[in-house]
Structures are given as C-alpha cells and as structure tokens.
Amino acid sequence: MSLTGMVYRPPYEANSLLLQVTQGCSHNKCTFCYMYPDVPFSVCPVEQVAADIEEATRYCPDVERVFLEHGDAFVLSADRLVQIADAIHARLPKVKTIAMYASIQNIRHKTDDDLCRLHECGIDGLDIGVESGLDAALQYMNKGHTAEEAKEQLLRLTDAGIDYSFNIILGCGGEELWRENADATAALINAVQPHLLFIGTLHAEPGCRLYQDMKRGLFRECTFGQLLDEQERLISGLELKDTIYFGSHPSNIVPMQGRLPKHKQAMIEAVREKREQLRRHLNEYPQRGGEGSILNR
Ligand code: SF4
C-alpha cells in the first residue's frame, strides 16, 4: 500500500483503512498549518487507488471503515468519489463508512444532488477544520471561509444526511479576541448542531506563518489563564441537543471527552479545577507538543 509523506488522521480513525487518493492539501494556506508545506497537491492516479484497494483485500478483508487521505480528499469531484466508493464496496464488502478530511470550500463546490449521491454510497463522518466562528480569526488563519459560509455549507451536509466532526482550535483569536472567539464559535456550533466536536488548542510549529508572526510579535497567543477562560466561556455558551465533545488532543490543557448537554456542568467544573491547580501559572504561555495522531511512515 503506497502512502506518501506524512500521514495524518483523526484519532478515532485508528482502526480504519487509510487509503490515499490525493497528495497534500488543495488549500495548503492556513496560517497555523505545517502539515504539507513542501507537498504539491496532486490527485492519485486511478490505477494506484485500484491497486491499493486490491492490496487491502489481502490484509484487511473485513475492514468496516476507510479513511481517504490526505489533507482534503473531499476536494475530489463527486463523480470521482462515487467511483472510489464503488471500487471499495466491490472489493471490501464489509465497509460501511468512507470518511475523510474536508474543507468548507470542498462542500461549496458540490451540488445538493452530489452530496446526496455521496451519502448514498457510504461517504460519511467528514472531518472538517472549521476552527472558529469569528470572522477576524478565520481571516487571519486564512481558512478561506467565513462563519456564515461555514454555517451554510454545514447545514447542507446535514440536509444530505452526512455527519461530520466540527473541529475547533481554542486560542484562534489570540490574546485580544479570546472572548469574541469563544462567543462566535459557540454561536456557530449552536446554529449547525454537529454530531461531533473535536477540540484542539492553537500552537505553532517552525515552518508555518503563525510561528513567524509569533516570533515577530504580530500574533500574541493566549496565556494559560486565557485559554482556560475561553474554554469555559465556549462550553458555557453551547446549547446542543446531542453532541459528542472530543477534547483529548494532546495540545489541550484540560483533556476531556463527554456528551453535551449531559456533561456540560461537569466539563465546566473540570476547567475551573484546572484553573485552580494552575493559579500560579495563569499568566504564562503553554509549551505544547506535537500535533495529535501522526503516523510517520
Ligand atoms: S489546516 Fe487543513 S485545510 Fe488548512 S492548509 Fe492544513 S491541511 Fe490544508
């Protein structure tokens, strides 16, 4: 099976078959991103994908979930994705779900009919880096979408029956806008009612623009105290019917998982408890480690 370059996948895809259908990311411009800096975006040849599916029939014939690589495989046309899904189902008949990373732009470029066709062939569980509901933060992070566009496209996905993970990054607004970031992000999440929330915390690795901006003082990251305040404010502002909160990313100060609204108060208490534990360090800046689930092949 050919998987080129660094391979990233969400933690809950640990048991999925990783099938490469694109290389790199078609956007590749997010201010904080260091995933594919030197990887020109390309689409994998049909023959390579077919050969990889054939190889998978030998070592994981009973696999039930496939995750398409790399950074935004949902950029592929609906026709190509249906073709890939048909090839998977033909050779791996137990596959129920075909998931992948997707951007708001990727959804925008598909019609409602496309989305319904994709749902019908098992494409589900998209992993979407929405990051924030605050336009100023989205613009600085160069996400290529506004909060209103994210809302519109995510509601289209829901209408088509496609579930997704709404990924957010605490600290996207920096020291100046953490309150606004919490409030606007909670409002966007409430408007779209995602099935899954995936929470990470902003950190910059050498090689991305954010790292350079931080070094030059052009972006002032949040302190421990501000990140905890932002997290509490965000959770407090969430009015959800039934959403999984997946916050175990290693960048998070308070790793936790739960269900909202059921565990809302317990989560708020957990943040307050951590603030109390860190009371002597609230004005300091966290030193964070590497990005979450990275498979280095
Ligand atoms: S964060 Fe995702 S969408 Fe943005 S450049 Fe990186 S891989 Fe592409």
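This is a predicted model: local features need pLDDT of at least 70, side-chain atom pairs count only at pLDDT 80 or more; totals for chains, interfaces and linings use all residues.

User: How are two packed helices described?

Analyst: Two packed helices are described by the angle between their axes and by the distance between those axes. Helices (H or I, at least four residues) and strands (E, at least two) are DSSP runs numbered from the N terminus, and axes are lines fitted to C-alpha atoms, for helices over the stretch in contact, with angles running from 0 to 180 degrees between N-to-C directions.

User: At what angle do the axes of α6 and α7 cross, and within what distance do they come?

Analyst: The axes of helix α6 (residues 147-160) and helix α7 (residues 174-192) cross at roughly 20° and come within 9 Å. The two helices are therefore roughly parallel to each other, where angles under 35 degrees count as roughly parallel, over 145 as roughly antiparallel, 65 to 115 as roughly perpendicular and the rest as oblique. Their crossing is right-handed; a crossing is left-handed if the near helix is turned anticlockwise from the far one by less than a right angle, and right-handed if clockwise.

User: Which residues of α6 and α7 meet?

Analyst: From α6 come Ala147, Ala150, Lys151, Leu154 and Leu155, and from α7 come Leu188, Ala191 and Val192, contact meaning heavy atoms within 4.5 Å. By class, the residues of this contact are seven nonpolar, no polar and one charged. Here Ala, Val, Leu, Ile, Met, Phe, Trp, Tyr, Cys and Pro count as nonpolar, Asp, Glu, Lys and Arg as charged, and the others, Gly among them, as polar.

User: How do α7 and α9 pack?

Analyst: α7 and helix α9 (residues 224-237) pack with their axes 8 Å apart and at an angle of about 25°, and they are therefore roughly parallel to each other. α7 passes α9 in a right-handed crossing. Among the residues that meet are Trp178, Arg179, Ala182 and Ile189 in α7, together with Asp229, Arg233 and Leu234 in α9. The contact of α7 with α9 divides into five nonpolar, five polar and six charged residues.

User: Is Lys143 buried or exposed?

Analyst: Lys143, which has its place in the loop between α5 (135-140) and α6, is buried, with a relative accessible area of 10%. Buried means under 20% relative accessible area, exposed over 50% and partly exposed in between (1.4 Å probe, protein chains only). Leaving aside neighbours within four places in sequence, Lys143 is in contact with several residues, including His27, Phe32, Gln105 and Glu131.

User: Which side chain is joined to that of Lys143 by a polar contact of 3.0 Å?

Analyst: The partner is the side chain of Glu131. A polar contact is a pair of N or O atoms within 3.5 Å; within protein, one must be able to donate a hydrogen and the other to accept it, and residues adjacent in sequence count only if both atoms are side-chain atoms. Glu131 has its place in strand β7 (residues 126-131) and counts as buried at 7% relative accessibility.

User: What should I look for in the backbone?

Analyst: Most residues other than glycine have a negative phi, and most peptide bonds are trans. Glu131 is not a glycine, yet has a positive phi of about 75°. Asn142, in the loop between α5 and α6, has a positive phi near 60° and counts as partly exposed at 31% relative accessibility.

User: Which peptide bonds are cis?

Analyst: The bond from Glu69 to His70 is cis, with omega near 0°, and His70 is found in the loop between β5 (65-69) and α2 (78-91). The bond from Leu260 to Pro261 is also cis, with omega near 15°, and Pro261 has its place in the loop between β11 (256-260) and α10 (264-277).

Key
Residues are numbered from 1 along each chain as its sequence is written. Side-chain values use heavy atoms; hydrogens and water are left out.
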